[in-house]
Amino acid sequence: MEELFKRFSEQVKTREDLIVLLDEIEEAIRLAYVGEPDVPLSKKLAKMSGAASEKFRGMIEDLEKEGEFPASRREQNTFFSGLKKYLSSLPTVRLILAFTPSSEFLDRLAAYLEKKTARKIILDILVREEIVGGCLVEYEGEYRDYSMLKKLESVLVEYSQKP
Amino acid sequence: MRYAITRRGNDILTKTITVAQEIIRNAIAASQKNLRASETFQEELAQMMREGTAQNLSESKKIIQSATNDIVDAYQKQFSVLSREVEASGRFAHNQFLEATKKRTDDLSAGIQGELGKMRQELEEKLLAGMQEAQAGAKVYQEQKIKELDAKIYQILGEIAKKTFGRSVDLSTHEELVMEALEKAKKENLF
């Protein structure tokens, strides 16, 4: 089951992506109990709009075709509950940047961090222009400030301590 | 005969009248005498009564005077004794009161001195604690103000940096700075 969950998590890079996916799961749970029980969930999800929804629906459809997706409503509910729990437990790296990152740079960051930590990582990106450059990193309760503002402050402190 | 009888009757009547007159005169005289005696006796009796009354009154006055004097003397003596006793008791009570007052005053004096000493000590301790608290508060305030000042300086510095060379940093440089930072974090075992 965890392999299936990982396939969903691969579609998630940022905290915003995770929130959207969790909303989609909630909607899928609701739709599972609407209409005829024999109708595949992917058909019901077709009513949902937006690219992200289409991606989610596509994944459900693939699983249905592969025969990996549970057929009964109760099993589907259990599947989605497990998926929500798995996604919510993924570790988050918070990065405070001085600029708004592009999608490509987010991919680069996610790939780098997943390689270094050997774990699936959710990026929580905040933009604060006043840090000038560099970034602030927070991971599992640890915090580091690698911003240019911090460097400037260090220079200022050093300068102020000179006789 | 008839005449004789009449005459005899007249004689008898005359004699009777005479006798009657005599009796009446005697009776009147006796009555007058008795009346005079009675008046005399009344006068004497009144006199005696007056004298007796006067005498009684005089004697009564004397008795009352004497009794009054006796009573007054007795009361004077009694009061004299009582006064002395009261005076003695008063003097005793006065002395007792003075002694008790003196003792109480001494006790209070000692108590007040103790309390004053204690109050002074407490006041000194409170003043010292207050001074220490004020100094600590001043220090905290000073540190707080310095922190606020620092924060303000850094904020201004950030604003200046952002407006000057922040804009000159292009996107690729930003990205490289971030990747360098992550490399540094890895070296520091952050992850």
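**Close-up views of chains A and B**

**View 1. The largest nonpolar core of the predicted model.** Of the 33 residues in this core, C135(A), V137(A) and A181(B) touch the most other members. A nonpolar core is a set of buried Ala, Val, Leu, Ile, Met, Phe, Trp, Tyr and Cys residues joined through C-beta atoms within 7 Å; buried denotes 20 or more other C-beta atoms within 10 Å of the residue's own, with C-beta atoms placed from the backbone. The greatest contribution to the core, five residues, is that of α2(B). Domain 1 (2-88) and domain 2 (92-160) of chain A both give residues to the core, so it lies between them; the domain bounds come from an automatic or database domain assignment.

Residues are numbered from 1 along each chain as its sequence is written, and chains are lettered from A in the order in which they are written. In this predicted model, local features need pLDDT of at least 70 and side-chain atom pairs count only at pLDDT 80 or more, whereas totals for chains, interfaces and linings use all residues.

**View 2. Surroundings of A181(B).** Residues up to four places away in sequence aside, A181(B) touches G134(A), C135(A), V137(A) and Y146(A). Contact requires C-beta atoms, placed from the backbone, within 7 Å.

**View 3. The contact between chain A and chain B.** Chain B provides 21 residues and chain A 23 residues. On the side of chain B that touches chain A, α1 (2-166) and α2 (171-187) each supply at least two residues. The largest share of that side, 10 residues, comes from α2(B). Helices are DSSP runs (H or I, at least four residues), numbered from the N terminus.

Methods
Contact = placed C-beta atoms within 7 Å. Buried ≥ 20, exposed ≤ 12 C-beta atoms within 10 Å, placed from the backbone.
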